[in-house]
Amino acid sequence: MSILQLYFTRRSTFSQRTRVVLAEKKIEFTPVEIDLADKPTDFLKISRYGKVPAIKHGNVELYESAIVNEYLDEVFPEPPLLPSDPAQRAIARIWIDYANTRFVPAFNKLLRGHDAQEQEQGRREFTEALLYIEQEGLGKLSNNGTYWLGEQFSLVDISFYPWFERLPLLNHFRKFELPTETPRLQAWWKEVQNRPSIQSVANSPEYYIESFTKILGQPTVVGAVQK
């Protein structure tokens, strides 16, 4: 099969997920960076929604990061990024869905809410999500291991990672900090940051702050500082 092509953007959270998978598995690929303001026709034929990431692997054309990442994990099985046990694999998928449907929307609502009321609601929802992860995720699944599923770095860790890299945005624009009641989560994030695959795709806090200042303007503070 031909060398895989990855269509991505540097700032995309979902692209970062797939780039980490490629790095973890040491998959050879051709990077194709997309200007989302001027999407090429060839890209739109592959990514029907016009979103990144997308891949072309021989005759296989896929988009949506969760689907792309599971495909890569099955086609390039080493190292595995999901458990071999069907029940544990299903639980991992539940947490990936939680990242997509609960955690990420709360983060975005806090950062990009249209008014103070929406931002404050986002603050509450994001804090609740962090505490839920601390207690029900890392607290029960990791078995005191380094990562979400113990000592196995997995697609669950990868699914949450990009938004933790962007926590400086919440601190800068919304004066939000990780609650002190999340020691497991903070230890997890410290370990994740040190992985070579993460470092290979990471952007600096300054990069994000500069980019989002153009979108959000100057910082505004809504609600109390979380500590």
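Predicted model: local features only at pLDDT ≥ 70, side-chain atom pairs only at ≥ 80, totals over all residues.
## Helix H7 and its buried side

Let's start with helix H7, which spans residues 167–174. Its buried residues are Leu167, Leu169, Leu170, Phe173 and Arg174. These residues cover an arc of only 150 degrees around the axis, so they sit on the same side of H7. Note that an arginine, Arg174, is buried along with the leucines and the phenylalanine.

What lies over that side? The cover on the buried residues of H7 includes helices H4 (86–112), H5 (116–141), H6 (155–165) and H10 (205–216). If you follow the chain past the end of H7, you come to Lys175, whose phi is positive, near 55 degrees.

## Salt bridges across the chain

How many salt bridges does a search of the whole structure find? The search finds ten, and a few of them are worth a visit in your viewer.

Take Lys25 and Asp73, whose closest N and O atoms are 2.8 Å apart. This pair links distant parts of the chain, with Lys25 in helix H1 (residues 13–25) and Asp73 in helix H3 (residues 65–75), 48 residues apart. Are its two partners buried or exposed? Lys25 is buried, with a relative accessible area of 8%, and Asp73 is buried too, at 10% relative accessibility.

Next comes the salt bridge between Lys51 and Glu64, with 3.1 Å between the closest N and O atoms. Lys51 is in the loop between helix H2 (41–46) and strand E3 (54–57), while Glu64 is in the loop between strand E4 (60–63) and H3, so the pair ties together parts that are 13 residues apart in sequence. Here Lys51 is partly exposed, with a relative accessible area of 43%, and Glu64 is partly exposed as well, at 29%.

A further salt bridge joins Glu134 to Arg184, where the closest N and O atoms are 3.5 Å apart. Glu134 belongs to helix H5 and Arg184 to helix H8 (residues 183–193), so this pair ties together parts that are 50 residues apart in sequence. Glu134 counts as buried, at 3% relative accessibility, whereas Arg184 is partly exposed, with a relative accessible area of 42%. Elsewhere, salt bridges with shared partners join Glu120, Arg123 and Arg124 into one network.

## Phe153, buried in a loop

Phe153 is found in the loop between H5 and H6. Although it is a loop residue, Phe153 is buried, at 6% relative accessibility.

Which residues is Phe153 in contact with, leaving aside its neighbours within four places in sequence? The list runs to Val20, Glu24, Pro80, Leu81, Tyr147, Ile158, Val192, Arg195, Ser197 and Ile198. For a sense of scale, Phe153 and Pro179 are 26 residues apart in sequence, and their C-alpha atoms are 24 Å apart in space.

## The largest pocket

Where does the lining come from? H1, H4 and H10 each supply at least two residues, and H4 gives the largest share, five residues. By residue type, the lining divides into eleven nonpolar, five polar and six charged.

Notes
Residues numbered from 1 in each chain as written. Heavy atoms only, no water. Buried < 20%, exposed > 50% of the residue type's maximum accessible area, 1.4 Å probe, protein only. Helix = DSSP H or I, 4+ residues; strand = E, 2+ residues; numbered from the N terminus. Arc of directions from axis to C-beta. Contact = heavy atoms within 4.5 Å. Salt bridge = Lys/Arg side-chain N within 4 Å of Asp/Glu carboxyl O. Nonpolar A, V, L, I, M, F, W, Y, C, P; charged D, E, K, R; others polar.
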